[in-house]
Amino acid sequence: MAFLTAGDRDAAWDALITHYRRLIFAAIRRTTSDADHVMDVFAAVCETLRADDCRRLRDYAARARPGSKFSTWLCAVVHNRAIDCLREREGRPRPSAAAGRMPPLQRHIYERVFLQQRSHVEAYELLRSDTFPTLAFGSFLAALRDVYRAVGRETPLATPFATRDESIPETLSGLEPHAGPSLDPSVAAEREAVLTEAMASLPVDDRLAVQLYVVEGMPATDVARAVGLSGAKAVYNRVYRALAALRERLQRAGVGAGDL
Amino acid sequence: MTCPAPEPLVAFALGDGSDGRVARHVATCERCQGDVTELREVAATLAASDSADAAPTAACLDELTIADVVDGVLPDARRHEVNTHLAHCARCRSAVRATAALARDPEVVGARPVPVRHDRRAWAVGAAAAAAAIVIAAVGVQMREGGRARDAVLREPAITSTVAPLALAPRGDVTSVPRILWSRAPGADEYRARIQTPDGSIVWEGRTADTSIAIPRTVRLVAGQSYVWRVEAETQWQRWVASDFTTFRIAPP
């Protein structure tokens, strides 16, 4: 970060961008494949970094800890700006539009879970038995999470489209929706409350390990580093204990995980 | 028959399932099959209940803290506070996941960094530093087209490779544009340059065998308006390689 003390800030800025622009572009392209949007995000990242006489960069130089990587910080900045730009451009995702843009695995999950009303584990087994024979459960979880995020979590757990929503397509790839039993929204809300309470009962580190490993789909070694655990084995151990505790608590509340 | 310990069972049930020994055991052990199913049911329920689409709050982690979490350099004194926030904030967890994924992505990691080629002595003396700054500024920020990364290097490229010309000037705010300038593309015997408005309307096109071309006075570029331009080099018969788009603006008087 010696450039920040250089006399010619403009020249130093150009040197910085020349040095890191490939990383920035590569990181942006992981967020969007739209060439126009890539340029918009790049401009936004540059604007963010240059604002207030490079305040963020100076802040980084002042606060960076030993062992921290400038490139990691830059990735965090790029991600945040990319998300902001996407929201500015497209607003909140609409379920119908989101479903139409899903990659193949997510579309199949959407069909099995949302249209055919299958349970999650059942949907996974069905996908493995036909379309995706080598599908790992970890990949399924990540795609499942993205499907729920894409449709905006407007619907209750496990019976996602129990209440008809005009904005959601009735068919996807020609599939007719299954007229499955509807779940009373108040019952669904109660079950979600039980799950939230069960999660809240876990120690913070265990809860975070579960969230990062199970929900976010991060590799166990990354989770260990982020949470401050000794290694992947510690993450697996915490996750095992935490999920067992969650299941027990849910069952005590009269909710089987398969019901959720 | 000994059942696997919780650690490999979790890795098998929720990870990539690539541990052959655990897989073979689970296939023949009803108890472990039940464990795997239960783990997956609870995990899927959690994955389905998560939402990162929350508005940021004042308590949300800044990018430096996110990076510290990803790099594992958060001091113990802050660990509990940060972990507690992360446990409650889907938005920040999502940022941690995305940043970690980018930071270990070979495409991103492999893309860094581009060595900045400059003469160290030049930075020590004013005039030379200014010259170096002009060159670096001329290379500057590369615009992209078609999502293909390309290095900006300050040396003559190998004659055997197809290298696009580099748009040098104008870029950024300028008072006037009497001519445009680019770097030579190896093997090119003709160039065609085009100036257009950001919405794609062509303002002017010209051809030359040189690496610069004068803009006719009849081309009216409006003050305050931004334009983009690029140059294409004909490196072989009917084969053109284009520079990135570069933006400039005629500064208001």
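**Figure 1. The interface of chain A and chain B.** In this predicted model, chain A and chain B bury about 7,800 Å² between them, 63% of it on carbon and sulfur atoms. Buried area is the accessible area (1.4 Å probe) that two parts lose on being put together, summed over both. A:Arg22, A:Arg65 and A:Tyr240 supply 9% of the area that chain A buries against chain B, more than any other three residues. The contact (heavy atoms within 4.5 Å) takes 85 residues from chain A and 88 residues from chain B. Residues are numbered from 1 along each chain as its sequence is written, and chains are lettered from A and ligands numbered from 1 in the order in which they are written. Local features need pLDDT of at least 70, side-chain atom pairs count only at pLDDT 80 or more, totals for chains, interfaces and linings use all residues, and side-chain values use heavy atoms, with hydrogens and water left out.

Figure 2. Nine salt bridges join chain A and chain B. A salt bridge is a side-chain nitrogen of Lys or Arg within 4 Å of a carboxyl oxygen of Asp or Glu. One pairs B:Asp62 with A:Arg63, at 3.0 Å from N to O. Helix α1 (residues 9–29) of chain A gives the largest share of the side of chain A that touches chain B, 14 residues. Helices (H or I, at least four residues) and strands (E, at least two) are DSSP runs, numbered from the N terminus. By class, this side of chain A has 46 nonpolar, 14 polar and 25 charged residues. Ala, Val, Leu, Ile, Met, Phe, Trp, Tyr, Cys and Pro count as nonpolar, Asp, Glu, Lys and Arg as charged, and the others, Gly among them, as polar.

**Figure 3. Helix α11 of chain A against α1 of chain B.** The axes of α11(A) and helix α1 (residues 6–14) of chain B are 8 Å apart, at an angle of about 80°. Axes are lines fitted to C-alpha atoms, for helices over the stretch in contact, and angles run from 0 to 180 degrees between N-to-C directions. α11(A) is therefore roughly perpendicular (65 to 115 degrees) to α1(B). Residues in contact include A:Tyr236, A:Tyr240 and A:Leu243 from α11(A), with B:Leu9, B:Val10 and B:Leu14 among those of α1(B). The contact has nine nonpolar, one polar and two charged residues.

**Figure 4. Helices α9 and α11 within chain A.** The axes of α9 (residues 204–215) and α11 (residues 232–252) of chain A come within 9 Å and cross at roughly 100°. The two helices are therefore roughly perpendicular to each other.

Figure 5. A:Asp52 has a positive phi of about 50° although it is not a glycine. A:Asp52 lies in helix α2 (residues 35–63) of chain A. Its side chain meets that of A:Arg55 in a salt bridge (3.5 Å, N to O). In chain B, the peptide bond from B:Ala169 to B:Pro170 is cis, with omega near 5°.

Definitions and conventions
Angles under 35 degrees count as roughly parallel, over 145 as roughly antiparallel, 65 to 115 as roughly perpendicular and the rest as oblique.
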